[in-house]
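This report looks at charged side chains and how they pair. It then turns to overall form.

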Amino acid sequence: MPNILLTRIDNRLIHGQVAVTWSNHVGANLIVVANDEVAKDPLQQSLMDMAVPGMETRYFTIRETIDKIGLASEEQKIALIVKTPQDVLELVKGGVPIRKVNIGNMHYSEGKEQLTSTVAVDEEDKKAFRELHRLGVQLEIRRVPSEKGKNIIDLI
C-alpha cells in the first residue's frame with residue numbers, strides 16, 4: 001500500500017506552501033502531482049520543480065496515478081497534490097487509498113460560491129465533496145499546518 005501522508009487539493013498544484021510547509025510538516029520526500037494537463041507539459045513540470053529544489057517529484061495523469069501509486073516503495077513518503085475534488089473522487093473510485101483530504105486553494109471564478117478566503121466551490125464541487133464524504137473521506141479546509149481545520153461538509 002502506498003505511503004500517502006498528505007492529499008491536498010490546490011489549484012496552484014506545487015508552490016512554496018506545498019513544497020516547504022506541508023511537505024516538511026508531514027515528512028514527505030516525494031510530491032506526486034495527479035493532473036492530466038501537467039503530466040503532458042514538461043515546461044509546467046520544470047517550473048514546479050523550481051519551487052521544490054531537492055524534493056523528488058512525479059507528474060502523472062489521474063489514470064496513471066491510479067495505475068502506478070500502488071507500486072510506490074515504503075520509503076516513498078508521498079504528498080499527493082490535485083487540482084479539484086473531482087480528481088480526488090476519481091482517484092478514490094480508482095482504488096487509491098485516500099482517507100483524508102486537505103483542501104488548500106480553490107480559486108473563485110464565475111458561478112462559484114466563496115466558502116472561505118481561499119476556497120470557492122460550484123455545484124459540481126459540492127457534489128464531489130458530498131460523495132467523498134459518503135465514501136468515508138475526511139475533508140478539511142486548512143491552508144497551513146498551524147491553522148485550525150474546518151470540515152467543508154459543515155460549510156456546504
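## Charges

The 20 positive and 22 negative charges of the protein have mean positions 5 Å apart. Lys and Arg count as positive and Asp and Glu as negative, while His and the chain ends are not counted. The place of a charge is NZ of Lys, CZ of Arg, CG of Asp or CD of Glu.

The model is predicted: local features need pLDDT of at least 70 and side-chain atom pairs count only at pLDDT 80 or more, while totals for chains, interfaces and linings use all residues. Residues are numbered from 1 along each chain as its sequence is written, and side-chain values use heavy atoms, with hydrogens and water left out.

## Salt bridges

Side chains of opposite charge can pair when their charged atoms come close. The whole structure holds 11 salt bridges (a side-chain nitrogen of Lys or Arg within 4 Å of a carboxyl oxygen of Asp or Glu).

One of them joins Lys112 and Asp125, with N to O at 3.1 Å. This pair links distant parts of the chain, 13 residues apart: Lys112 is in the loop between strand S5 (100–105) and strand S6 (113–114), and Asp125 is in helix H6 (residues 123–134). Lys112 is buried at 19% relative accessible area, and Asp125 is buried at 4%. Here buried means under 20% relative accessible area, exposed over 50%, and partly exposed in between (1.4 Å probe, protein chains only).

## Further pairs

Glu113 and Lys126 form a salt bridge at 2.7 Å, N to O. Because Glu113 lies in strand S6 and Lys126 in helix H6, the pair ties together parts 13 residues apart in sequence. Glu113 is partly exposed at 34% relative accessibility, whereas Lys126 is buried at 10%.

In the salt bridge between Glu140 and Arg142, the closest N and O atoms are 3.4 Å apart. Glu140 is buried at 17% and Arg142 is buried at 15%. Salt bridges with shared partners also join Arg8, Asp10 and Arg12 into one network.

## Overall form

The protein has 7 helices and 9 strands. These are DSSP runs numbered from the N terminus: helices (H or I) have at least four residues, strands (E) at least two. Of its 156 residues, 48% count as buried.

The C-alpha atoms fill a box of roughly 35 × 30 × 30 Å along the principal axes. Among contacts (heavy atoms within 4.5 Å) with a separation of 6 or more, 68% are between residues 24 or more positions apart.
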